[in-house]
Amino acid sequence: MGSKYTKRYTEEFKRDAIALVDSSGKRVTAVARELGISSESLRGWYRRAKADQGEGVPGELTSAEREELRRLRRENREQQQPIGILKKATAFFVKESDR
């Protein structure tokens with residue numbers, strides 16, 4: 001949910017930029033400067049690509065794992081709403097039956 005001024009880059013551009021970092025032997029910041037993009041963006045793309053290839057930091061999630069975690073959290077949030085409603089309804093009916 002970036003601002004309306006956030007640039008969107010294609011997957012092809014990202015792949016090419018990552019390949020340029022690998023093939024050129026230059027630092028991420030130098031390649032980013034040459035391409036006219038944020039070094040933090042390129043660094044994030046590079047880190048994610050390495051994790052997806054199994055070369056990332058131990059314990060770092062791959063893109064597929066990150067997407068699954070996002071989906072599971074969304075499902076959990078959606079299931080918590082009816083449970084909360086049922087808890088309130090149960091408390092209401094217990095209170096009413098005590099009268």
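These legends walk through several close-up views of a predicted model. Residues are numbered from 1 along each chain as its sequence is written, and side-chain values use heavy atoms, with hydrogens and water left out. Because the model is predicted, local features need pLDDT of at least 70 and side-chain atom pairs count only at pLDDT 80 or more, while totals for chains, interfaces and linings use all residues.

**View 1. Helix H1 crosses helix H3.**
Here we meet H1 (residues 11–24) and H3 (residues 39–52), whose axes come within 10 Å and cross at roughly 85°. Helices are DSSP runs of H or I with at least four residues, numbered from the N terminus. Axes are lines fitted to C-alpha atoms, for helices over the stretch in contact, and angles run from 0 to 180 degrees between N-to-C directions. On the H1 side the contact (heavy atoms within 4.5 Å) is made by Phe13, Lys14, Ala17, Ile18, Val21 and Asp22, and on the H3 side by Leu42, Trp45, Tyr46, Ala49 and Lys50. By class, eight of these residues are nonpolar, none is polar and three are charged. Ala, Val, Leu, Ile, Met, Phe, Trp, Tyr, Cys and Pro count as nonpolar, Asp, Glu, Lys and Arg as charged, and the others, Gly among them, as polar.

**View 2. Helix H3 from end to end.**
Serine 38 caps the N-terminal end of H3, with a side-chain oxygen 3.2 Å from the backbone nitrogen of glutamate 40. Such a polar contact is a pair of N or O atoms within 3.5 Å; within protein, one must be able to donate a hydrogen and the other to accept it, and residues adjacent in sequence count only if both atoms are side-chain atoms. Just after H3, glycine 54 takes a positive phi of about 80°. Along the helix, Leu42, Gly44, Trp45, Ala49, Lys50 and Ala51 are buried, and the buried residues pack against H1 and helix H2 (28–35). Buried means under 20% relative accessible area, exposed over 50%, and partly exposed in between (1.4 Å probe, protein chains only).

Lysine 50 belongs to helix H3 and counts as buried because its relative accessibility is 15%. Leaving out residues up to four places away in sequence, lysine 50 touches Asp22, Glu55 and Gly56.

**View 3. The loop between H3 and H4.**
Leucine 61 sits in this loop and is partly exposed, with a relative accessible area of 34%. Leucine 61 and alanine 51 are ten residues apart in sequence and 6.8 Å apart in space, C-alpha to C-alpha. The backbone oxygen of leucine 61 also lies 3.2 Å from a polar side-chain atom of arginine 66, a residue of helix H4. Arginine 66 is partly exposed at 26%. In the loop too is glutamate 60, which is in contact with Arg47, Ala51 and Glu65, its neighbours within four places in sequence left aside.

Phenylalanine 93 is found in H4 (residues 63–97) and counts as exposed, with 54% relative accessibility. Its C-alpha atom and that of alanine 64, 29 residues apart along the chain, are separated by 44 Å.

How values were computed: Helices (H or I, at least four residues) and strands (E, at least two) are DSSP runs, numbered from the N terminus.
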